[in-house]
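Open the model in your viewer and keep the selection tool at hand. The tour goes stop by stop.

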Amino acid sequence: MSIISQDLKDKYHFNISEIRNLLQTIESQKLDFSTTELIKELKRKIEKIKSEFLSKKGIIPQLINELSNLSPDQKRELGKEINQFKNEIENDIKTINKQIEKIERKIKYQFDIDLSITYLPSQKGSFHIISIVQEELINVFSELGFFVMDGVEIEDEYHNFEALNIPQDHPARDMWDTFYFKDGILRTHTSNMQIRILEKYKPPIKVISIGKCYRRDNLDATHSFQFHQLEGFAIDEDINFLDLIRTLYRFVNKYFGPETKVNFIPSYFPFTEPSAEMSISCFYCQQNDENCSVCKGTGWIEILGCGMINPIVLKNLDIDPDKYSGFAFGLGIERIAMLKYKIPDIRMFFENYIEFNKLFSEIN
Ligand code: FA5
């Protein structure tokens with residue numbers, strides 16, 4: 001026994017397959033504006049089926065009404081048949097609607113999005129101040145005869161420490177501790193480039209290398225976990241400490257001004273011997289202001305570490321220390337930029353505050 005006539009089922013299946021065919025035609029052809037017309041037709045047909053079968057006065061509610069006079073057993077059996085038919089219709093409509101949505105989305109992205117950008121001539125981009133300072137330093141050191149070479153930031157312990165005479169248990173490792181991962185470390189200084197470059201090129205050589213360094217330092221006004229350094233070194237027969245002083249003095253005079261004085265105090269780096277820290281006379285207060293915010297009233301600003309390359313390092317690189325000698329120095333780019341452009345806090349470099357970045361757009 002059945003409450004839904006075959007004619008009715010056939011009628012529904014005919015209508016729904018007509019809709020499916022139309023959908024297939026739309027999907028198989030190139031999407032253009034005529035597609036939207038076909039989709040409108042499709043939606044009309046679906047609405048027609050919905051109102052014919054599912055609306056309050058539609059076929060399904062009518063069939064359910066017919067059940068009221070039947071016995072409970074017949075109600076259960078025929079009710080189940082009506083429900084199955086209703087579910088079939090609802091599922092068909094749901095599936096078709098999803099496909100229509102997909103096509104509509106495609107049309108929207110294909111035709112409605114304006115991919116052009118508005119050109120605003122007043123919003124000219126500019127270099128970041130760190131890039132500007134790097135460029136300035138490269139220019140000065142190039143004039144002093146240094147070649148510029150690029151370096152690696154992801155290092156191994158050998159190039160960052162051991163080859164630089166900082167063995168595993170050396171206390172200096174603490175202050176240069178870094179971020180470790182499975183196959184390497186992030187370099188703590190650009191001094192790794194002394195090793196990398198000298199593995200490839202032999203003296204005579206005079207090079208600078210600039211790049212990012214990483215340390216586990218806590219963030220404050222002058223320290224960051226990530227910063228830039230410039231490494232410079234020169235190796236030849238007969239290079240001595242005076243060559244180092246002369247070179248750095250000329251750099252300082254070119255970069256900070258001809259009146260600037262330099263001062264060297266003894267220091268310690270495992271890869272240089274002897275080692276020194278170089279300070280420059282305060283070019284803001286000319287050593288005349290006890291309350292100067294840049295030199296803190298001392299008259300001097302420390303800017304770099306330097307020294308004569310330790311013969312142990314040269315030996316590690318198969319360079320004969322009896323024949324060759326060299327000097328090396330390393331400076332922090334952020335610190336130099338802070339001094340030169342009176343930037344009070346290192347965090348300003350990477351906070352991406354647009355007004356800060358704009359301050360320097362006139363320099364480049
Ligand atoms: C070094 O890193 C040595 N490799 C420098 C050197 C090279 C000495 C060649 C001798 C020969 P130091 O740890 O002092 O040294 O760092 C050098 C400069 O990097 C500092 O003067 C400072 O300007 C900058 N610097 C160091 N740590 C930080 C930090 N956490 N944040 C910002 N700048 C830093």
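Start with Glu162: its relative accessibility is 30%, which makes it partly exposed. This is a predicted model. Glu162 pairs with Arg173 in a salt bridge, their closest N and O atoms 2.7 Å apart. Arg173 sits in helix 7, while Glu162 is in the loop between helix 6 and helix 7, 11 residues away.

Arg173 belongs to helix 7 (residues 172-175) and Glu157 to helix 6 (residues 157-160), so the bridge ties together parts 16 residues apart in sequence. Is Arg173 buried or exposed? Arg173 is buried, because its relative accessible area of 8% falls under the 20% cut-off. Glu157, at 26%, is partly exposed.

Next, select helix 1, residues 6-28. Its 23 residues span 32 Å from first C-alpha to last, close to the expected 33 Å. Its buried residues include Leu8, Tyr12, Ile16 and Leu23. Now show Glu18 and Lys45, whose side chains meet in a salt bridge (3.4 Å, N to O). That pair links helix 1 with helix 2 (residues 33-54), across 27 residues.

Seven strands form an open sheet with mixed pairing, in the order 1-5-6-10-9-8-7. Strand 1 (147-148) and strand 7 (262-269) are the edges, each pairing on one side only. Select strand 6 (residues 226-236) and strand 10 (residues 325-332): eight bridges join them, and they run antiparallel. Find Gly232; its bridge partner in strand 10 is Phe329.

Finish on helix 9, residues 241-256. Helix 9 lies across strands 7, 8, 9 and 10, at about 145° to strand 9.

Terms used: Residues numbered from 1 in each chain as written. Predicted model: local features only at pLDDT ≥ 70, side-chain atom pairs only at ≥ 80, totals over all residues. Heavy atoms only, no water. Helix = DSSP H or I, 4+ residues; strand = E, 2+ residues; numbered from the N terminus. Expected span 1.5 Å × (residues − 1). Buried < 20%, exposed > 50% of the residue type's maximum accessible area, 1.4 Å probe, protein only. Pairing = 2+ DSSP bridges. Contact = heavy atoms within 4.5 Å. Axes fitted to C-alpha atoms, helices over the stretch in contact; angles between N-to-C directions. Salt bridge = Lys/Arg side-chain N within 4 Å of Asp/Glu carboxyl O.
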